[in-house]
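This report concerns the pockets of the structure shown below and a helix that contributes to their linings.

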Amino acid sequence: SDYKTDFDENLPKIEVIPQDMGRVLLNLINNAFWAVKSVEKPLVIVKTEQSENQLIIKVIDNGTGMSDEIKAKIFQPFFTTKPTGQGTGLGLSLAYDIVTKGHGGAIEVESVEGQGTEFTIILPLKTL
């Protein structure tokens with residue numbers, strides 16, 4: 001799989017719980033690599049940018065994408081599209097709680113079946 005980063009070099013430092021945010025990003029990146037397993041030219045991009053008083057982190061893949069039906073359920077506890085034993089279905093529900101409750105942010109998803117998925121984490125810029 002091809003993996004690219006597009007980081008904004010001028011981002012301010014913000015206050016996060018590193019272990020928790022690391023877990024969120026690891027989960028999103030792992031999911032992205034899972035989603036591109038079967039595509040011809042797999043690509044996962046991790047991107048950071050600043051938008052006004054927000055820090056934006058995007059994890060983008062050109063994988064299998066999701067139907068609206070699946071997309072509506074992905075942040076629910078124990079929901080997984082992975083085969084039995086491959087996923088607990090807790091990754092994204094935990095990620096959602098960490099970003100929203102733990103950091104006062106938001107996590108959004110856009111996905112087109114057969115084209116790919118883009119997760120966006122939006123964090124308020126409370127500078128250190």
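## Pockets and helix α1

Two or more lining residues come from each of α1 (18-35), β3 (54-61), α3 (91-102) and β5 (116-124), and α1 gives the largest share, 10 residues.

This is a predicted model, in which local features need pLDDT of at least 70 and side-chain atom pairs pLDDT 80 or more, while totals for chains, interfaces and linings use all residues. Residues are numbered from 1 along each chain as its sequence is written, and side-chain values use heavy atoms, without hydrogens and water.

A pocket is an open set of points on a 1 Å grid over the protein atoms alone, where a 1.4 Å probe fits, with protein on both sides within 12 Å along at least five of seven lines; lining residues have an atom within 4 Å of a point.

The second largest pocket has 13 lining residues, with Leu11, Leu25, Thr48, Leu55 and Ile57 nearest its centre. Here α1, β2 (43-51) and β3 each supply two or more lining residues.

| Pocket | Volume | Lining by class |
|---|---|---|
| Second largest pocket | about 240 Å³ | 11 nonpolar, one polar, one charged residues |

Helix α1 has 18 residues and spans 25 Å from first to last C-alpha, close to the 26 Å expected at 1.5 Å a residue. Its buried residues (under 20% relative accessible area, 1.4 Å probe, protein chains only) include Met21, Leu28 and Asn31.

Conventions
Helices (H or I, at least four residues) and strands (E, at least two) are DSSP runs, numbered from the N terminus. Grid points are joined across faces, edges and corners, and a volume is the space filled by probe spheres set on the points. Ala, Val, Leu, Ile, Met, Phe, Trp, Tyr, Cys and Pro count as nonpolar, Asp, Glu, Lys and Arg as charged, and the others, Gly among them, as polar. The expected span of a helix is 1.5 Å times one less than its number of residues. Buried means under 20% relative accessible area, exposed over 50%, partly exposed in between (1.4 Å probe, protein chains only).
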